[in-house]
Amino acid sequence: MTVPWWWLLIPFTIACVYYVYSPMWSDKWKLRASFKCLPMVILVVWCVEVGRRDGGLVDPDGVGTYLFWGMVCSLVGDLGLAVPKGGAVGVLAFGAAQVLYIIMFEKMSTYQRPWVPVVALLCLVQIFIFFMIAKYSNWFEPVPLKVRLFLPVVFLYFLLVPTMAGFACGTFASPSASSAAASVGGLLFLLSDNLILLGAFLMFTKSPPKESPPQDANHLPQSSPSSSEKIRRAAVISTYYAAQVLIGLSVAWY
C-alpha cells in the first residue's frame, strides 16, 4: 500500500525542530547526524513505496529509479555534512544527486529542450551571486591549500543546482500537478542552497577562515545563535526538505 503523501510532513517537521533547537546538542555530532539523516531515510523509504506502485524502480531507465538514487545521494550528502571531515564527500554526493535529478526532469519533459533559456538565466544569476558574495568576503584572500582546492568544487556544485532547477521548470512546458511540484521543488532547492551560501558569507566576514574548511554550513556555532540566525537556519532546512518532498511528489503524480 502506498504511503499517503501527507506522511512526508513528518520529516519536514522533525528537521525544522532540529535546526531551530540544535544548540542543545550541538557538541554531539552523532546525534546531529542522526537527526539530520532521519528525514531523508523516510523519504527514501517513501520512494521505494512509489516505485512499487508504478514499477518505477523496476525499469532501470525510469524516472522512479533516478528519483530513488537521487534521494539516496542526498542522504549520503546529509550524512557527509554532519560528520567530522565529511564535507567534501557531502558536496560530491549532493552533486551526484543534482545530476540524477537533471536526468530525471529531462525524461519528464514533454517538449524538447524547453529548459535551455531557464537554465541559462538561473546559472547567470547564480554565478553573479556566488562571485558577489566571494568578493565581499575574504574567500579570495590567502587561505590554506585545502580551502583553495575546495572552493572550485563548491562553485561547480552551485552551477549544478540552478541547472537542475532549470530542468525542473522546463517540465512546466506541459502544465500539470507533477510539473508544478517539480518546478517549485527545484526553485526551493536553489533557494535553500543560496541561503547556505549566505550563511557561509556571514561566517567568513565575521571571522578569518580556519585551517580547514567548514564541514557543514548548516552547523550552528557553539554559542547561542541570534534570532535572525535561527530564522535563516530554519528557512534553510524548511526549503530544503520542502524541495525534496515536492520533487518526490512530482514523480508520484507523473
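This is a predicted model: local features need pLDDT of at least 70, side-chain atom pairs count only at pLDDT 80 or more; totals for chains, interfaces and linings use all residues.
The axes of the two elements, helix 3 spanning residues 63-82 and helix 8 spanning residues 227-252, come within 10 Å and cross at roughly 165°. On the side of helix 3, the contact is made by V63, G64, L67, M71, S74 and D78, which meet Y240, Y241, Q244, I247, G248 and V251 of helix 8. Sorted by class, the residues in this contact comprise seven nonpolar, four polar and one charged.

Turning to the aromatic residues, a pair of rings is described by the distance of the centres and the angle of the planes. The count of aromatic pairs in the model comes to five. One of the pairs is formed by F68 and W69, whose rings lie 5.0 Å apart, centre to centre, with 75° between the planes, an edge-to-face arrangement. Within this pair, F68 has a relative accessibility of 17% and therefore counts as buried, whereas W69, at 46%, counts as partly exposed. The rings of Y157 and F158 have their centres 5.5 Å apart and their planes at 80°, so that this pair is likewise edge-to-face; both Y157 and F158 are buried.

A single aromatic cluster is formed by F94, F189, Y240 and Y241. Of these residues, Y240 and Y241 also belong to the helix 8 side of the contact with helix 3.

Methods:
Residues are numbered from 1 along each chain as its sequence is written. Side-chain values use heavy atoms; hydrogens and water are left out. Axes are lines fitted to C-alpha atoms, for helices over the stretch in contact, and angles run from 0 to 180 degrees between N-to-C directions. Helices (H or I, at least four residues) and strands (E, at least two) are DSSP runs, numbered from the N terminus. Contact means heavy atoms within 4.5 Å. Ala, Val, Leu, Ile, Met, Phe, Trp, Tyr, Cys and Pro count as nonpolar, Asp, Glu, Lys and Arg as charged, and the others, Gly among them, as polar. Rings of Phe, Tyr and Trp (its six-membered ring) pair if their centres lie within 6.5 Å; planes under 30 degrees apart count as stacked, over 60 as edge-to-face and the rest as tilted. Buried means under 20% relative accessible area, exposed over 50%, partly exposed in between (1.4 Å probe, protein chains only).
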